[in-house]
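Please keep the sequence and the structure in view while reading.

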Amino acid sequence: MELRVSATRQELTRLKNRVRMAVRGHRLLKDKRDQLMKEFMAIVHENQRLRKELEKRLSAAYRSFAQARAVLSPPVLEEALMASSGPEEVSITYRRIMNVVVPEMEIQRSGDGDGDGAAGEAGAVSQGHVVDANIPPYGLASTSSDLDDAIKEFRGILPLLVKLSEVERKIQLLADEIERTRRRVNALEYILIPELEAAVKSVEMRLEEMDRANASRLMKVKDIVRAH
Amino acid sequence: MSKVAVLGQRDAVLGFKASGAVAFAADNVSEAREKLDKILRDDFAVLLVTEEIAEMLREELQPLYEKPKPVVTILPDARRPKGLGMELLRKRVERAVGANILLKGEE
């Protein structure tokens, strides 16, 4: 589609300014897109790592839990589960990645020993980290050690799951932003900038044509005047 | 301050009761829907669902992905490593990058 503009010098300057602006915007957006992509890739890799680890740990937790369930009677099990902990609180803070607001979630563990409040960090809860060193709050006589293991596993997994949720939400938000930015980059690159440049060219040509017409008219007039 | 909810079949969520999450057990579609309503009315930051429930409630969960809260995450399942959770991720990557360059290389 061609822009309709009047062929005047004023219009030409205006158009040229617009081209300059569009090119600058295009370069900026392209940089933004590349940076977003970099962040996005890092987060996607982290997500895959987390998912793999969680797959393993979850199935291990299910296994020990199944063993515990096979040994214990349902009421005893239920009681032990009820007693073992209250619901955990999750605190959400927000951070900006390239102007995209992303949530960062962390589990707040108040009942545990010191340092566990930061358990939302994936590094702090890597394998083998004992989440609760205290003695379980249920009867040891009526329950088995499988149950202790299972509960410990599940408690260790929860911060990772919260982390996974955070990471997946980040991926989603960044994917949206990347898509949006890419559309804008492409619109500038393939539509607006070529259109403006074509308009500049056509105005320039028309102005030149007018100049030439004027020059030849002047020559003609000069001839007529001289003939008299 | 908000909490973590887990929605899944009875066997799957029982263990989470001890983990500090609030467990919601549902064994069929209508039960799952009911529990989901309950979860949405409360203040949860994270909603973890099992693959099976995610499949059952595909449509119900769809609008939630756009909402700030709760963040819906499909639990990783070792039995189905290429399940719905991965599928969702793959789609998002594809939409952003324009091609599924990443995941193929890592399989």
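A:Val44 counts as buried because it has 24 C-beta neighbours inside 10 Å. The term buried applies to a residue with 20 or more other C-beta atoms within 10 Å of its own, exposed to one with 12 or fewer, and partly exposed to those in between, with C-beta atoms placed from the backbone. A:Val44 belongs to helix 1 (residues 9-71) of chain A. Helices (H or I, at least four residues) and strands (E, at least two) are DSSP runs numbered from the N terminus. From A:Val44 to A:Arg183 there are 139 residues in sequence and 21 Å in space, C-alpha to C-alpha.

This is a predicted model, in which local features need pLDDT of at least 70 and side-chain atom pairs count only at pLDDT 80 or more, while totals for chains, interfaces and linings use all residues. Residues are numbered from 1 along each chain as its sequence is written, and chains are lettered from A and ligands numbered from 1 in the order in which they are written.

The confidence values come next. pLDDT is the predictor's confidence in each residue, from 0 to 100. Chain A has a mean pLDDT of 81, with 83% of its residues at 70 or more. Within chain A, the highest confidence is in helix 3 (residues 145-227), with a mean of 90, and the lowest is in helix 2 (residues 74-84), with a mean of 73. Residues 112-131 of chain A stay under 50 in pLDDT, and the model has 31 contacts beyond four places in sequence for them. Two residues are in contact if their C-beta atoms, placed from the backbone, lie within 7 Å. Where pLDDT is low, the predicted coordinates should not be read in detail. For chain B the average pLDDT is 78, and 87% of the residues score at least 70. The model as a whole scores ipTM 0.84 and pTM 0.77.

Chain A contains three helices and two strands, in the order α-α-β-β-α along the sequence. Of its 228 residues, 30% are buried. Among contacts in chain A with a separation of 6 or more, 79% are between residues 24 or more positions apart.

In chain B, the domain assignment gives domain 1 (3-75) and domain 2 (78-107); such bounds come from an automatic or database domain assignment. Four residues of domain 1 of chain B and five residues of domain 2 of chain B make up the contact. Helix 3 (residues 51-56) of chain B supplies three residues, the largest share of the domain 1 side.

The strands of chain B can be followed through strand 3. Strand 3 runs parallel to strand 1 of chain B, joined to it by five bridges, and B:Leu7 has B:Val49 in strand 3 as its bridge partner. Strand 3 also runs parallel to strand 4 of chain B, over four bridges, with B:Leu47 partnered by B:Val72 in strand 4. Two strands pair if DSSP finds at least two bridges between them.

Strand 1 of chain B also pairs with the other chain: strand 1 (residues 89-97) of chain A joins it in the antiparallel sense over two bridges. There, A:Glu89 stands opposite B:Lys3.

Where do the two chains touch? The contact between them involves 41 residues of chain A and 31 residues of chain B. On the chain B side, elements giving two or more residues include strand 1 (2-8), strand 3 (44-49) and strand 4 (71-74) of chain B. Helix 5 of chain B gives the largest share of that side, five residues. By class, the chain B side has 20 nonpolar, five polar and six charged residues. Here Ala, Val, Leu, Ile, Met, Phe, Trp, Tyr, Cys and Pro count as nonpolar, Asp, Glu, Lys and Arg as charged, and the others, Gly among them, as polar.

A nonpolar core is a set of buried Ala, Val, Leu, Ile, Met, Phe, Trp, Tyr and Cys residues joined through C-beta atoms within 7 Å. The largest such core has 67 residues, of which B:Val4, B:Ala5, B:Leu7 and B:Val46 touch the most other members. Helix 3 of chain A contributes the most to this core, 15 residues. Not counting residues up to four places away in sequence, B:Val4 touches residues of both chains, including A:Val90, A:Leu158, A:Val162, B:Phe44 and B:Val46.
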